[in-house]
Amino acid sequence: MKEQYYKWHSPHLNREIEMLVFGHSGYPVVLFPTSMGSFHENKDQGLIETARWYIEQGLIQIFCPGSADKDSFYNKNIHPYHRIQNHVQYDKMICHEIVERVKNNTYSGKVAVAGCSFGGYHAANFAFRHPGYVSHLFSMSGAFSIKSFMDGYHDEHVYYHSPEDYLLGLNDRELWNMDIILGTSNWDICFDANLKLSRVLAQRDIPHWLDIRQDQHHDWPKWRQMFPHYLSRIKFF
C-alpha cells in the first residue's frame, strides 16, 4: 500500500500543514481526524488498514490532513470570534489547497469526505457547504453544531458552520445528488445529534441513510467496521 507524506506552508492558515496520502490512484477520499487529531491518527488507529483492499486495487486514494481544532474550537485562550475565523480559514484550506487539486482525479469531478467523531462534523460541514465538490459523505459518530464551543458568541460564520442550522435554508441541487450516511449507534454519545440531523435532512427531503448500529460505543472498533462498508458504496468506474 503506497503511502506518501506531504508538508507545505498553507497560505490560508499561515502555517505548515501535514498530510498523509494512501494509494497510487483511485477515487479521492478526504478523511478528517477526530478532535485535535493529527494527520497520522487514522493510520495509527487502524482505520486506513480497513481500506487496504480498496487502496491496493487502485480504487480509492485517501487524503488525511491534520486538524486545526487547537487553533479554533478548542482554543479557549482566544475570543470566540477568532476561534470561528480560524476554522473558516481551515475550511478554505481544505477546499482550495486539497479538494480543488484532487477532485478531477475521478470521472465525477468530486471527492468523498469522511471522518469519525469531530472528524464526522468536519466531513459533514464541508460536504454541506460545498456540495458541488462532494459526491459521498460518510460521517461516523459526528455531531453537527458548534455552539457549545462559542461561549454564547454568535455571528454569521457560527451559523453557517453549524449544519443542523443552515441546512434548512440550502437549495443547492447537488445536495439531493449526494450519497449521505450518518453512522451512529444506540450507545453513541452522539446518537441524539445524528437523529436530529436526520430529521433536518428528512424535512428537506434530502436522501440519506441513518445507519444505527446496536450496542456499540463511540469508539474506533465501530468506526473500523463502518468505514470499509461505506466505501463500498462508491462507484469507482
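Guide: In this predicted model, the largest nonpolar core has 38 residues. Val113, Phe128 and Leu137 have the most contacts inside that core. At least two of its residues come from each of strand E2 (15-22), E3, helix H3 (80-102), E5, helix H4 (118-129), E6, E7 and H7. The most is given by H3, with seven residues.

Leaving aside neighbours within four places in sequence, Phe128 is in contact with Leu137, Pro163, Tyr166, Leu167, Leu170, Leu175, Ile180, Leu197 and Leu201. There is also a second, separate core of 28 residues, and Ile48, Ile62, Trp220 and Phe227 are among them.

Now the sheet. Eight strands form an open sheet with mixed pairing, in the order E1-E2-E4-E3-E5-E6-E7-E8. Strand E1 (3-10) and strand E8 (209-213) stand at the edges with a single partner strand each, so one side of each has no neighbour in the sheet. From one strand to the next, the twist averages 20°.

Within this sheet, strand E3 (residues 27-32) pairs with strand E4 (residues 60-65) in the parallel sense, over four bridges. Val29 has Ile62 in E4 as its bridge partner. Ile62 is also one of the residues of the second core.

Helix H7 (residues 191-203) touches strand E7 (179-185) and E8, and its direction makes about 150° with that of E7. Helix H8 (residues 220-231) touches E3, E4, strand E5 (111-116), strand E6 (134-140), E7 and E8; the direction of H8 makes about 145° with that of E8.

Technical notes: Residues are numbered from 1 along each chain as its sequence is written. This is a predicted model: local features need pLDDT of at least 70, side-chain atom pairs count only at pLDDT 80 or more; totals for chains, interfaces and linings use all residues. Side-chain values use heavy atoms; hydrogens and water are left out. Two strands pair if DSSP finds at least two bridges between them. Axes are lines fitted to C-alpha atoms, for helices over the stretch in contact, and angles run from 0 to 180 degrees between N-to-C directions. Contact means heavy atoms within 4.5 Å. A nonpolar core is a set of buried Ala, Val, Leu, Ile, Met, Phe, Trp, Tyr and Cys residues joined through side-chain atoms within 4.5 Å. Buried means under 20% relative accessible area, exposed over 50%, partly exposed in between (1.4 Å probe, protein chains only).
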